[in-house]
Amino acid sequence: MAPEQATARQQTATRIIIALFIIIAATRIIIAYQSPHPDYDGYLPLRQVESIHQTGLPLFEDELSYGGRARVFSPLYTYLIALFGLVLPKLWLVKVLPNLFAAAIVIPAYAFARILTKHEGLAIITAGMTGLIPALFLIGINDGSPITLSITLLVTTMYLFIKSRKSGKHLDWLLIALVALILLHPLSLVFLIGLLLYTALLRVQSMKISPKDVELLLFTLFFTAWFSLVVFKKAFVMHGSNVIWQNIPAMELSAVFSKVTLLSAISSTGFIALILGVGGLYYGLTETKRKSIVFLTGMVAGVVILIWFRLIALRTGLALLGILLALASGYALHRIVDYLRKTKAARLAWAAVAGIIAIFVIATLPSMLTTELTDTPTAADIEVLTWADEHLSEDAIIMGAPIEGNLIAGVAHRKNVMDTDYLLIPRVEERYEDTITLYKSFFKIDAVSILQKYGATHVYVSPQTEAFTDVAHPRFLDDEQCFSLVKTATDGTVQLYGLTCSLRGEEYG
Amino acid sequence: MVEERRMPSDGFVLAVLVLLAVFFVLTPFTARSLQGNNALLGEQSHFHLGLAQNMLEPSSYHLQDVTPTLFNSLVAGILIIANPMLTSKLLPIILGVASVILFFLTAQRVLGDMEERSLAGLLFIISPLFIVVFTTLTPASLVLFLSLLCWWLYDRSPVLSGVTLSLLVGVHATAFIVTAVLLVAYGLLRGSWKHAAVSGAIGLFLMVLLDAFFGFVAGDALIMSSSFNDFFVSLGANFGYSFFLLFLAAVGVIAAWSKERRQIVASLIIGGVFVFSFSDMLARVLLVPLVAMLAGKGVLVLLRRPWTVRSIRNITLFLVGLSLLFTLVFTISGQVKAEPTMEKLEALRFLHTSPPDAVVLSSPDNGVLIERLGRRQAFLDNAQQDQERWSAAQQVFLSYRMGTTVPLLQEYGITYVFVDERMRDGGVWTYEEQGLLFLLKYDDRFVKLYDAGSNVVYRFTG
């Protein structure tokens, strides 16, 4: 191929990748703007940014969460969005920025696929598939979490790892990406486990393990372990090995996993990506024994193990699985084209690829376009909590479902009893069960004792508390002697009740 | 001309290691004395000192139920001629220094390379277990010393090694079994398993003899129970391993691995002890020398490896050093903050001003401290065998009803309640006004006598 031709192709590929980036980002941002509000958990990053702008520090000591608690987290992403927050509207930090990070995955995916397929067209198709994986559309759309940037950085790190192995270049960039990933999010564990399994697979396949692989493994292991122990030291000391599950209450953990059926898991990773990905990995492992495929297999196996042992958030795990399988699909498509070219149906090779892509798009597009924001507060929530912000006393403590904790802190600016960050919370199971028991209580004495136990002054009743406890209207709230309705939303779906009595010592159970 | 690197002599390295060991174990004591806190480190130290003193002059009612071990007899023996404070602080340090010497002498035979044994020695003395064991008056210090003596004597005199082995039974039966098993593995590795058989047989024979005539075998008392979370110091363990030390040991295992049958068998035996150590603190202590030797080998592998990328080598080695330093500082600072803290010491001194017949209710972890430093009778401590007391304490701590609490307090003659931060922080209660805390705050039958931040003393007026 003439150099001019190659440059022209490269330019076309770049334009298509940019177009893909814009399409995916635009779609995600449109979905995010289905609601004018961030997701329930999206209020936490906004409070973090506010804290950094005011004090220079994120909320390591949060006075509103759990009635006052310490938080442990890696602050890199918080500072990053706080930096953007100096020039961008606050809401963009939740609704635009994370979606741009997510859409940017097409760039490293394209680069990675180019190594796998050695074909511009197939690499572009693979990048498109990666960006359109349904599970990726379920995370980071409207919650301002670092997950989208972390996933893009993870794929970038994977690409740089393979690239540096092949050419010996890009090693400095690999180290920078790896360190950034470790500093950004515990997702770096996926890379570490993937790398461990990759070395194990090389050994099993009797393939040569290069010294560079071992060195990188050692470095990643030490850096990840060291950084995790420095950042999460308090959490490790407090929760022990339970810190791996982020101290998430067992009921919550099993509720998340029980909601997902095998079919929904397959459909969120993308049926075509699953079939082609598994096929690509199998062929790559058994026939060609390419190290890049072995590496991808190690990563896929790592993610499966993490999902199996519930060590990763389910949505994140499925999105990662989908992305990795989409990358492996590129290799499968490459093999299909190669194979068909050697047969009498050579002319149909690209038609076959087009057919597969069409099926992928037909299967994916409807679910993507009908994506709805499910974890977003309603106008009624905002109305009641804004009222609470203006009318309740500063030391009021509002009890709601854990998912509403950050909303209560973010909109009402009042203390909550529980939210979804469970690390460093002692006896979290008890608190979680108490919250459920409260809403299910028939008698005021049980309800008041639980509320007093946590110093709560108000009870929040909403569709989310109903979803959490299966109770639309807690019976104890009808006792006018102890509870008064202080605010109802205009549409009547959300109510806030105040506690007006207390128990004396002799009345306690 | 290539200049040969001059290696320091064994004597010099050993002297440096001994000095470092003394420095590390003295640091927590020094830091605490600078804060004005001269108390022994940890409840265990007070408990064992109390037990030894009780052997000489029975005074404490509840210690009568606890069987003293060889360790307590040793402490009691020294107490006859020396001051209790000096004995309690010096004995672990002397045992620590002796252990370092024995470790180095054993390493001389096991590890051929001077650099390797120097590194192993260093890793041995900076391991969290070494520092915790030799800054606390605990039987584990004698166990580690006797075990190392067994190893050292093994090649010289299997008979003496066996005699030493039998002494371990007097501290704890587990220590005897684990050391004997490790000796077999060591014998296999050294190709002298007959020595192990002789040592083991003599040890076993003496153990049976001593137990038959003197009831020598110490069993369940004194050794803290443990769980998986007690395995790593990073997970909050006191008597645990450093994650990084174990990782370096794993590198050492891979480097030393050979497919010889006896090595495989020895590795399986050591692996078994390692698995056992997940749930047994003494097994962990006994494995420390082995882990340190393997970790030394691991560090050397990383140092001598022909790294292809210099920057990765430098950062990785820097991280290894930093991680070990981090763990060392974490362990020492943990010992500096060990119970009793200065604040608690003052609260306990206040308790000393209460009537001599006062009975104090507190967390069982505070029991020994209340008895030893507050000089008042604790309602509950960890050596308490009376199950009724445990359940009564549980009821009093968690009940919100004076109707339940008052009769129990009166029945057991409890007149004082001592509350500290650990109790409020999940040790007993989780919430601000939970159970007894609610009553202490709102019922005027409890009078707050002393309040210094997290340590509060109440008097129950009845």
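Helix 4 of chain B bends by about 25° at B:Leu90. The kink comes shortly before a proline, B:Pro92. Helix 4 covers residues 84-110, 27 residues in total. From first C-alpha to last, helix 4 of chain B reaches 38 Å, close to the 39 Å expected at 1.5 Å a residue. The model is predicted.

**Chain B overall**

- Chain B holds 20 helices and 5 strands.
- The C-alpha atoms of chain B occupy a box of roughly 85 × 60 × 40 Å along the principal axes.
- Buried residues make up 48% of the 462 in chain B.
- Among contacts in chain B with a separation of 6 or more, 69% link residues 24 or more positions apart.

**The sheet of chain B**

- Five strands of chain B form an open sheet, in the order 2-1-3-5-4.
- Pairing in this chain B sheet is mixed.
- Its edges are strand 2 (377-378) and strand 4 (446-452) of chain B, and each of them pairs on one side only.
- Strand 3 (residues 416-419) and strand 5 (residues 455-460) of chain B run antiparallel and are joined by 4 bridges.
- Across that pair, B:Phe418 is opposite B:Val457 of strand 5.
- Helix 15 (residues 342-351) of chain B packs on the sheet.
- Helix 15 of chain B touches strand 1 (359-361), strand 3, strand 4 and strand 5 of chain B.
- The directions of helix 15 and strand 5 of chain B make an angle of about 20°.
- In a regular strand, side chains alternate between the two faces of the sheet.

**The sheet of chain A**

- Chain A also has an open sheet of 5 strands with mixed pairing.
- The strand order in chain A is 4-3-5-7-6.
- Strand 4 (415-416) and strand 6 (483-488) are the edge strands in chain A, each pairing on one side only.
- Strand 5 (residues 458-461) and strand 7 (residues 495-499) of chain A are antiparallel, with 4 bridges between them.
- A:His458 faces A:Gly498 of strand 7 in chain A.
- Strand 7 of chain A also pairs with strand 6 of chain A, in the antiparallel sense and over 5 bridges.
- In that pairing, A:Lys487 has A:Leu496 of strand 7 as its bridge partner.
- Strand 6 and strand 7 of chain A make a hairpin, with 6 residues between them.
- A:Gly492 sits in the turn of this hairpin and has a positive phi of about 75°.

**Backbone geometry to check**

- The peptide bond between B:Glu339 and B:Pro340 is cis, with omega about -5°.
- B:Pro340 belongs to the loop between helix 14 (310-336) and helix 15 of chain B.
- A:Gln246 is not a glycine, yet its phi is positive, about 55°.
- The loop between helix 12 (233-239) and helix 13 (250-258) of chain A contains A:Gln246.
- A:Gln246 has 18 other C-beta atoms within 10 Å, so it counts as partly exposed.
- A:Arg427 likewise has a positive phi without being a glycine, near 45°.
- A:Arg427 lies in the loop between strand 4 and helix 21 (428-440) of chain A.
- With 13 other C-beta atoms within 10 Å, A:Arg427 is partly exposed.

**B:Leu119 and its surroundings**

- B:Leu119 is part of helix 5 (residues 114-126) of chain B.
- B:Leu119 counts as buried because it has 23 C-beta neighbours inside 10 Å, and the cut-off is 20 or more.
- Leaving out residues up to four places away in sequence, B:Leu119 touches B:Gly296, B:Val299 and B:Leu300.
- B:Leu119 and B:Arg262 are 143 residues apart along the chain, and their C-alpha atoms are separated by 26 Å.

**The contact between the chains**

- Chain B contributes 30 residues to the contact, and chain A contributes 27 residues.
- On the chain B side, the elements giving two or more residues are helix 14, helix 18 (402-411) and helix 20 (436-442).
- Helix 14 of chain B gives the most to that side, with 8 residues.

Notes: Residues are numbered from 1 along each chain as its sequence is written. Chains are lettered from A and ligands numbered from 1 in the order in which they are written. This is a predicted model: local features need pLDDT of at least 70, side-chain atom pairs count only at pLDDT 80 or more; totals for chains, interfaces and linings use all residues. Two strands pair if DSSP finds at least two bridges between them. Two residues are in contact if their C-beta atoms, placed from the backbone, lie within 7 Å. Axes are lines fitted to C-alpha atoms, for helices over the stretch in contact, and angles run from 0 to 180 degrees between N-to-C directions. A residue is buried if 20 or more other C-beta atoms lie within 10 Å of its own, exposed if 12 or fewer, and partly exposed in between; C-beta atoms are placed from the backbone. The expected span of a helix is 1.5 Å times one less than its number of residues. The bend at a residue is the angle between axes fitted to the seven residues ending there and the seven starting there.
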